Structures are given as structure tokens and as C-alpha cells.
Amino acid sequence: MAKEEFIKLLNQGVNIWNKWRESHPDIRGVDLSEIQLEDLDLTGIDLSMVNLRGAKLHNVKMSSANLRGADLSMANLRGIVLKGANLSASHLSMVCLSEADLSQANLSGADLRGSNLRLAKLDLADLSTTKLNMSSLNGSSMIGAILIGANLSRAELREANLAGTDFSRANLSEADLSHSNLNVSTLVGTDLIGATLVDIDLSESNLTRANLIGANLYRANLCGCDLIGADLRGANCSEAYFIGADLSRADLNRAEFTSANLSKANFSGANTETTDFQDAILPDVW
């Protein structure tokens with residue numbers, strides 16, 4: 001079928017399109033690349049494995065849509081509604097998803113490298129093993145999202161709301177999370193080498209065995225954090241708050257805690273031989 005025939009079929013509505021997809025389960029090469037759609041309700045549509053490369057979808061609703069394995073590279077999806085949609089293993093590199101609603105969506109294994117998700121809503125979304133290298137998520141909301149094993153190296157997440165998010169084993173090396181909220185989040189074994197965490201709220205989070213070598217934690221809030229076995233070599237923790245944090249068995253060599261508040265912190269078995277605690281508030285039991 002030619003692209004024009006696909007578009008004609010699509011314009012007949014979701015029910016007609018989905019029935020056609022069901023009756024042609026083996027069809028390949030559905031090409032809707034560079035298609036332009038506006039003010040449409042495509043809730044529940046099946047666009048799995050479809051080529052939507054370079055598409056422009058303005059004010060389109062696609063909640064609960066099936067876009068598994070679809071190619072949306074370089075598409076303009078600004079403000080699109082994809083709540084609860086299946087985008088697993090989809091190709092979304094260099095896509096514009098700013099201000100989009102992707103809450104509760106399945107983006108596991110998707111490729112979002114270099115994409116714009118500024119101010120996007122990703123609450124409770126599944127982004128396990130997703131590639132988000134060098135993507136912009138500034139101001140986004142990802143409350144309760146799952147990013148286990150995701151790659152966010154050099155991503156921008158400034159002023160994002162990431163409360164309750166699971167970043168276990170994720171790669172956040174050289175990412176910028178300044179002024180973000182990660183309260184009660186899970187970062188077990190997470191790679192945060194060289195990350196910028198200025199003024200971040202990580203209170204009550206689990207950073208067991210996290211790699212924070214060379215990270216910038218200036219004025220960060222890590223009160224009540226679990227940092228057992230974490231690696232903070234060379235990290236800047238100046239003026240940060242570690243009240244009640246568990247730093248047992250952590251490696252703090254060459255870390256700087258100038259004027260930091262470490263009252264009630266646990267340093268059992270921690271390596272502090274070359275740590276700078278100048279003007280820091282230390283626990284009563286040292």
C-alpha cells in the first residue's frame with residue numbers, strides 16, 4: 001500500500017484502523033513518515049512497528065496507544081498525550097516530547113537519546129533500560145517512575161521532580177540534576193560519577209554502593225540517606241546536609257565536607273584518611 005492509502009485508512013478512525021491491523025497481522029512497512037496530524041483523538045490506536053519518522057502530531061491524544069517498536073525518530077510530539085501508551089523498544093531519538101503527558105507509559109528499552117522532554121510528565125512511567133543519553137528532562141515530573149538500568153549519562157534533569165523514582169543500576173554519569181527533588185528515591189549501585197547534584201534533595205534515599213566519584217553535592221540534602229559502601233572519592237560535599245546519614249564502609253578519600261552538617265551520621269568502617277572536614281559539624285560519636 002502507498003502512504004496515501006495508509007493515511008486515508010487512518011482518517012477513517014481508530015476502530016477501522018485497528019480492525020484492519022488485526023486482519024493483516026503479518027503486514028510490514030507501514031509508512032507514515034513525516035505525516036502531519038492535528039486535533040485528533042487516536043486513543044487506543046495500534047501503531048506498533050509503524051514508521052512515523054519525522055511526523056508532526058499537534059494536539060493529538062494517543063492515550064493507551066500501542067507504539068511498540070515504532071520509529072518516531074526526529075518527530076515533533078510536543079504536548080502530545082500518551083498516557084498509559086506502550087512505547088517499549090520504540091525509536092525516539094532526537095524527538096521533541098516537551099510538555100508531553102507520558103505518565104504511566106511503558107518506555108522500557110526505548111531509544112530516547114538526544115531527545116527533548118522538557119516539562120514532560122512521566123509519573124509512574126516504566127523507563128527500565130531506556131537510553132536517555134544527552135536528553136533534556138529539565139523541569140520534568142517523574143514521580144514514582146522506574147529507570148532501573150537506564151542510561152542517562154550527560155542528561156539534563158535540572159529542577160525535575162523525581163521523588164520516589166527507582167534509578168537502581170542506572171547510569172547518571174556527568175548528568176546535571178541541580179535543584180531537583182529525589183526525596184525517598186532508590187539509587188542502589190547507581191553510577192553518578194562526575195554528576196552535578198547542587199542543591200538536590202536526596203533525603204531518605206537509598207544510595208547503597210552508589211558511585212559518586214567526583215560528584216558535586218554542594219549544599220545537597222542527604223539527611224537520613226543510606227550511603228553504605230558508597231564511593232565518594234573526590235566528591236564536593238561542601239555545605240551539604242548528612243544529618244543521620246549512614247556512611248558506613250563508604251570511601252571518602254579526598255572528599256570535601258567543608259562546613260557540612262554530619263551530625264548523627266554513621267561513619268563505621270568508612271575510609272576518611274584524606275577527607276576534608278574543615279568547619280564541619282561532626283557526630284558526637286566519632
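R154 sits in the segment after β2, in a chain whose model is predicted, not determined by experiment. The protein chain runs α-α-β-β along its sequence, with two helices and two strands. Helices (H or I, at least four residues) and strands (E, at least two) are DSSP runs, numbered from the N terminus.

A quick word on the ground rules. Local features need pLDDT of at least 70 and side-chain atom pairs count only at pLDDT 80 or more, while totals for chains, interfaces and linings use all residues. Residues are numbered from 1 along each chain as its sequence is written, and side-chain values use heavy atoms, leaving out hydrogens and water.

**The chain as a whole**

- The C-alpha trace of the protein chain spans about 75 × 30 × 20 Å along its principal axes.
- Of the 286 residues in the protein chain, 51% are buried. Buried means under 20% relative accessible area, exposed means over 50%, and partly exposed is in between (1.4 Å probe, protein chains only).
- Take the contacts between residues at least 6 apart in sequence: 4% of them join residues at least 24 apart. Contact here means heavy atoms within 4.5 Å.

**Where the two helices meet**

- Helix α1 (residues 3-10) and helix α2 (residues 14-23) have axes that come within 8 Å and cross at roughly 125 degrees. The axes are lines fitted to C-alpha atoms, for helices over the stretch in contact, and the angles run from 0 to 180 degrees between N-to-C directions.
- That makes α1 and α2 oblique to each other. Angles under 35 degrees count as roughly parallel, over 145 as roughly antiparallel, 65 to 115 as roughly perpendicular and the rest as oblique.
- On the α1 side the contact is made by F6, L9 and L10, and on the α2 side by I16, W17 and W20.
- Sorted by class, this contact of α1 with α2 has six nonpolar residues, no polar ones and no charged ones. Ala, Val, Leu, Ile, Met, Phe, Trp, Tyr, Cys and Pro count as nonpolar, Asp, Glu, Lys and Arg as charged, and the others, Gly among them, as polar.

- The largest pocket holds about 210 Å³ of space. A pocket is an open set of points on a 1 Å grid over the protein atoms alone, where a 1.4 Å probe fits, with protein on both sides within 12 Å along at least five of seven lines. The volume is the space filled by probe spheres set on the points, which are joined across faces, edges and corners.
- The largest pocket is lined by 13 residues, and R21, I27, R28, S48 and M49 are the closest to its centre. Lining residues have an atom within 4 Å of a point.
- Five nonpolar, three polar and five charged residues make up that lining.
- S48 belongs to the loop between β1 (36-38) and β2, and counts as buried at 6% relative accessibility.
- Leaving aside residues up to four places away in sequence, S48 touches R21, N66, L67 and R68.

**Spots after β2**

- R154 counts as exposed, at 52% relative accessibility.
- Not counting residues up to four places away in sequence, R154 touches M134, S173, E174 and A175.
- The C-alpha atoms of R154 and A195 are separated by 8.2 Å, though the two residues are 41 apart along the chain.
- Most residues other than glycine have a negative phi.
- Q104 isn't a glycine, yet has a positive phi of about 65 degrees. Q104 lies in the segment after β2 (56-58) and is partly exposed, with a relative accessible area of 48%.
- R249, also not a glycine, has a positive phi near 60 degrees. R249 is in the segment after β2 and counts as exposed at 58% relative accessibility.
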